[in-house]
Amino acid sequence: MMGPSHALSGAAVWLSGSWALQQFYGYEQSPLALAVGTAVCAGGALLPDLDLSGKVTRNQGGATVARTFGVFSLFVAEVVEKVSLGVYYATKLSRDPKRSNGHRTLTHTIPFTVLVGWGTTTLCARYGKWAVIGILFFMIGLALRGLFDEWAERAGWVIVTLVSAGAAFFTAANLPGDRGYPMIGLAVGVGSFVHILGDMITRAGVPILWPIPIKRRMWTPISLPDRIALRAGGRTEIVVVRTALTIVSVLAATGLAAPSVLDRFDLDI
Ligand SMILES: [Zn+2]
């Protein structure tokens with residue numbers, strides 16, 4: 001899957017999950033909390049592809065998300081990719097093939113999604129709003145890059161960085177200050193998991209079973225069978241999948257907003 005589809009799927013899952021929680025369990029969230037969760041989950045759904053590095057010294061290549069903050073995030077991607085490759089070699093078994101690149105390895109596993117979710121929650125609990133500002137800045141940047149890819153491409157990374165920083169400060173200033181923000185960590189973890197599922201339905205597959213060894217392989221790629229798998233970046237993905245995800249997001253957002261709009265209407269009469 002390509003960046004925009006990943007980001008959209010993160011947003012769609014968070015919005016429909018929130019809608020279900022409200023509808024069936026009466027769990028209400030403020031509009032700001034919903035917006036933050038949706039943005040962070042959309043950003044989280046791009047996080048695993050921060051392992052697609054380019055050429056830092058020449059400022060070239062890399063996944064779209066790796067270019068969110070210009071050469072800085074390209075450098076982060078390089079580090080993530082090399083660490084992933086290191087973990088691949090440290091845990092590979094005899095039938096795992098040799099690799100020269102760490103893309104679609106460590107960051108595309110379930111332990112990774114748990115780790116980033118837990119890490120984010122811990123940071124927020126320990127450092128409060130300062131951690132929230134930093135995490136929001138990073139995740140909002142990824143979400144902007146993914147959801148509004150054409151705008152981000154035209155605007156350039158400096159504008160994306162400034163907009164993300166502004167949105168992060170605004171949000172942190174308006175969030176209630178006395179809590180641990182566990183939803184942010186959950187949104188990062190859920191987003192990353194949604195990314196892995198998205199890659200699984202394309203032909204390349206992901207090592208989602210790691211670290212469970214199967215037939216002397218630790219990094220078995222799992223994907224849909226070729227005949228039903230999506231071609232990454234193909235027409236089905238761009239037209240059908242994105243339209244469906246957009247409809248789900250809009251319906252869920254409408255469902256979430258409807259009760260509060262109705263309440264206000266009642267008060268006005
Ligand atoms: Zn991926």
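**Zinc site and backbone features**

Analyst: Proline 211 is found in the loop between α7 and α8 (235-268); helices (H or I, at least four residues) and strands (E, at least two) are DSSP runs, numbered from the N terminus. The model is predicted, so local features need pLDDT of at least 70 and side-chain atom pairs pLDDT 80 or more, whereas totals for chains, interfaces and linings use all residues. Residues are numbered from 1 along each chain as its sequence is written, and side-chain values use heavy atoms, without hydrogens or water.

User: What kind of peptide bond joins tryptophan 210 and proline 211?

Analyst: The bond is cis, with omega about 5 degrees.

User: Which residues coordinate the zinc ion?

Analyst: Donors are N, O and S atoms within 2.8 Å of the metal (3.2 Å for Na, K and Ca); water is not among the atoms, so sites may look incomplete. Here they come from Asp49 (OD), His108 (NE2), His195 (NE2) and Asp199 (OD), at 2.0 to 2.3 Å. Their sequence spacing is D-x58-H-x86-H-x3-D. Aspartate 49 lies in the loop between α2 (31-44) and β1 (54-55) and histidine 195 in helix α7 (residues 182-200), so this pair ties together parts 146 residues apart in sequence.

User: Are aspartate 49 and histidine 195 buried or exposed?

Analyst: Buried means under 20% relative accessible area, exposed over 50%, and partly exposed in between (1.4 Å probe, protein chains only). Both aspartate 49 and histidine 195 are buried.

User: What is the phi of arginine 216, and where does this residue lie?

Analyst: Phi of arginine 216 is near 55 degrees, a positive value in a residue other than glycine. Arginine 216 sits in the loop between α7 and α8 and is exposed, at 57% relative accessible area.
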